[in-house]
Amino acid sequence: MSVTPTPRYRSLAFQKRYLKFTALVVGAFGPVFFLGSMLPTAEPARWTLDLLSWPLDGDQSYAAATTRFLSALTGGFLLGWGVTIWGMSGRLFDAAPEPVRRVVLSGILSWFVLDSAGSAASGNASNVLFNILVLLLAVGPLWWRAES
């Protein structure tokens, strides 16, 4: 009787490490958007929005205080979500790897659906393509249940 070896990307150890990568993918957007809360440092956030609303045309602006406030909130949420995923990749993952995987996967899929729908509704459907890329990077092997 032959036993098929578990693919590396489906091992518990690999998925535990991948959760840290997912945390960085999500959390890295936090400081960028935080910088958008202040006019002197808003350019990285403005450029990111310009990229995500393709094509690069310079139409995105951080002149409005409400945009900077929303950017501050977004930066905080994204950094906090990244820190949460990072934290779940430690002892919590060791204790309950499958529930952690499902929670992170559910969060990423929820973000993807709502962000993509909102992007399309706001006239920025091109962001859906960027969202697909982030989704694939953030989920990676977490799509499959790990095997011991």
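Colleague: What share of the 148 residues of the chain counts as buried, and what makes a residue buried here?

Modeller: In this predicted model, 34% of the 148 residues of the chain count as buried, a label that requires a relative accessible area under 20%.

Colleague: Why is T74 called partly exposed?

Modeller: T74, which lies in helix α4, has a relative accessible area of 29%; since buried means under 20% and exposed means over 50%, T74 falls in between and is therefore partly exposed.

Colleague: How far apart in space are T74 and G30, and how far apart are G76 and A138?

Modeller: T74 and G30 are 44 residues apart in sequence and 6.9 Å apart in space, C-alpha to C-alpha, whereas G76 and A138 are 62 residues apart in sequence and 19 Å apart in space on the C-alpha to C-alpha distance.

Colleague: What secondary structure does the chain have?

Modeller: The secondary structure comes to 6 helices and 0 strands, so that from the N terminus on the elements run α-α-α-α-α-α.

Colleague: Why is α5 called roughly antiparallel to α6?

Modeller: The axes of α5 and α6 come within 9 Å and cross at roughly 175°; because angles over 145 degrees count as roughly antiparallel, that crossing makes α5 roughly antiparallel to α6. The contact is made by residues including L105, W111 and D115 of α5 and N127, I132 and V139 of α6, and its residues divide into 11 nonpolar, 4 polar and 1 charged.

Colleague: What is the volume of the largest pocket, and which residues are closest to its centre?

Modeller: About 970 Å³ of space lies in the largest pocket, and of the 33 residues that line this pocket, F33, L49, L52, D115 and N127 are the closest to its centre.

Colleague: Which elements give two or more residues to the lining of the largest pocket, and which gives the largest share?

Modeller: The elements that give two or more residues to the lining are α1 (12-27), α2 (29-35), α3 (43-52), α4 (65-95), α5 (97-121) and α6 (126-139), and the largest share, 7 residues, comes from α5. By residue class, the lining divides into 18 nonpolar, 14 polar and 1 charged.

Technical notes: Residues are numbered from 1 along each chain as its sequence is written. This is a predicted model: local features need pLDDT of at least 70, side-chain atom pairs count only at pLDDT 80 or more; totals for chains, interfaces and linings use all residues. Side-chain values use heavy atoms; hydrogens and water are left out. On a 1 Å grid over the protein atoms alone, a cavity is a set of points where a 1.4 Å probe fits but cannot get out, and a pocket is an open set with protein on both sides within 12 Å along at least five of seven lines; lining residues have an atom within 4 Å of a point. Grid points are joined across faces, edges and corners, and a volume is the space filled by probe spheres set on the points. Helices (H or I, at least four residues) and strands (E, at least two) are DSSP runs, numbered from the N terminus. Ala, Val, Leu, Ile, Met, Phe, Trp, Tyr, Cys and Pro count as nonpolar, Asp, Glu, Lys and Arg as charged, and the others, Gly among them, as polar. Axes are lines fitted to C-alpha atoms, for helices over the stretch in contact, and angles run from 0 to 180 degrees between N-to-C directions. Angles under 35 degrees count as roughly parallel, over 145 as roughly antiparallel, 65 to 115 as roughly perpendicular and the rest as oblique. Contact means heavy atoms within 4.5 Å. Buried means under 20% relative accessible area, exposed over 50%, partly exposed in between (1.4 Å probe, protein chains only).
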